[in-house]
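Hi everyone, thanks for coming.

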Amino acid sequence: MDERISTRQFRLLVIYFTIGSSVLFVPTVTAAATKQDAWISIVTGIGLNLLLVYLYIAVGNRYPGLSIVELSQMLLGKWLGTAVSIFLIVNSFVIGAVSLVDFAGTFVSRQIMPDTPVYAANILYVLSAVIGLRLGLRTIAQAAEALFPIITALFVIMILTVSPNMDTDNLQPVFEMGLKPHIKANISYFAFSAFPTVFFLMIYPSCVREGKRASKALLLGTLIGGLFLLIITVVCIAVLGAEGTARQAYPSYTLAKKINIANFFTRIEVLMAALWLIALYFKLVVYFYAGMRGLAQLFKMPDNRALVLPLGVIAVALSRILYPSAAYRHEWDTKIWPLYVGTSGLIIPLLLLGIGAVKKRIRNR
């Protein structure tokens with residue numbers, strides 16, 4: 001059975017992945033660092049992110065038939081390659097996927113169904129991911145393709161309906177913040193939206209039908225996802241103000257609460273929450289799939305779908321163990337996660353690209 005996906009489907013997965021949890025995190029962290037200049041940090045973050053994607057394209061195109069786990073074992077040798085592979089798998093599944101499970105469950109139990117235990121919400125979210133992964137990557141990509149018009153429509157409706165509440169004075173003065181706050185904001189942007197893209201090297205280009213030509217899809221998906229984040233950040237600051245955006249745990253959800261058309265079309269924030277819950281689902285699936293496929297390749301398993309259910313159970317169990325409280329999660333997300341994902345997203349690809357170039361030069365002598 002051919003599990004490869006088209007470039008269009010791959011591009012949509014990249015868009016979902018870029019939006020994912022970032023649609024809630026990025027406005028808050030950038031506004032906290034750079035106030036009304038947060039949009040400038042997003043613009044520079046998008047530009048630097050595209051440069052980072054070129055690095056991933058170079059790594060993927062050097063050995064197009066291999067995932068980053070297989071590439072690590074081939075270039076770095078048995079022991080170091082295995083250690084790097086385990087590090088990538090842990091980052092993708094234990095830290096990435098489990099984090100999103102807890103994030104989704106916490107949001108649902110606090111904002112939508114306060115009487116629902118977090119574990120119950122986590123189980124339902126993981127169950128949906130397990131069902132999707134059992135059906136295969138191709139089915140997940142087809143679902144992403146079918147849901148994208150709905151996501152786009154919800155996003156446009158939210159922006160249009162809150163636009164009467166926008167105040168452009170909240171975006172002024174421009175260029176007031178110095179360089180240091182922008183660097184801090186860019187680090188946060190990279191931690192949530194840029195560096196995690198490295199896990200697409202478990203899919204690109206080996207699981208995409210057009211192979212190397214999918215590089216344009218990776219670049220375009222990153223750009224479109226970044227523009228989604230730029231627009232929502234600008235609107236959050238224009239409506240809530242820089243201080244209001246920075247104080248909110250879920251500013252885009254708070255933004256949806258401002259929708260009021262003729263005192264009739266109100267309280268539809270749950271519909272808007274569906275926008276990022278769907279995007280978060282596909283980000284979870286990509287993390288999950290990358291960790292599952294990497295683990296199967298590490299242990300030479302012929303079918304990675306045999307791991308879906310056991311890993312799903314582990315994800316539910318770890319979701320509240322690794323993130324026991326909101327304060328702990330905040331400390332982890334701001335101080336620890338950037339170091340882990342930065343190692344996976346920058347240092348390891350540079351290492352693989354450098355060693356691959358050296359070995360190629362030695363062979364050509």
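Let's start with helix α13, residues 308-322. At 1.5 Å a residue, its 15 residues should span 21 Å, and the end C-alpha atoms are 20 Å apart, which agrees. The expected span here is 1.5 Å times one less than the number of residues in the helix. Helices, by the way, are DSSP runs of H or I with at least four residues, strands are runs of E with at least two, and both are numbered from the N terminus.

Before I go on, a word on where this comes from: it's a predicted model, where local features need pLDDT of at least 70, side-chain atom pairs count only at pLDDT 80 or more, and totals for chains, interfaces and linings use all residues. Residues are numbered from 1 along each chain as its sequence is written, and side-chain values use heavy atoms, with hydrogens and water left out.

Back to α13. Which of its residues are buried? Val308, Leu311, Gly312, Ala315, Val316 and Ser319 are. Buried means under 20% relative accessible area, exposed means over 50%, and partly exposed is in between, using a 1.4 Å probe and protein chains only. Those buried residues of α13 pack against α5 (78-112), α6 (118-135) and α12 (269-298).

Now the loop between α12 and α13, where you'll find Lys300. Lys300 isn't a glycine, yet its phi is positive, about 55 degrees. Its relative accessibility is 67%, so Lys300 counts as exposed. Lys35 also has a positive phi, near 55 degrees, and isn't a glycine either. Lys35 sits in the loop between α2 (22-34) and α3 (38-62). Is Lys35 buried, exposed or partly exposed? At 24% relative accessibility, Lys35 counts as partly exposed.

Okay, zooming out. The chain has 14 helices and 2 strands. Its radius of gyration is 20 Å, close to the 21 Å that the globule rule gives for 365 residues, so the chain is as compact as a globular protein of that length. That radius is taken over C-alpha atoms, and the rule is 2.2 Å times the number of residues to the power 0.38. Of the 365 residues, 56% count as buried.

Next up is α9, residues 215-240. Its 26 residues reach 37 Å from the first C-alpha to the last, close to the 38 Å expected. α9 is mostly covered, with 19 of its 26 residues buried. Just after α9 comes Gly241, with a positive phi of about 85 degrees.

In the loop between α8 and α9 you'll spot Pro205. The peptide bond from Tyr204 to Pro205 is cis, with omega near -10 degrees.

Ala191 lies in helix α8, residues 179-194, and at 2% relative accessibility Ala191 counts as buried. What does Ala191 touch, leaving aside its neighbours within four places in sequence? Ala191 is in contact with Pro196, Trp337, Pro338 and Val341, where contact means heavy atoms within 4.5 Å.

Then there's Thr18, in helix α1, residues 7-19. At 1% relative accessibility, Thr18 counts as buried too. Again leaving aside neighbours within four places in sequence, the contacts of Thr18 include Ser193, Gly221 and Leu229.
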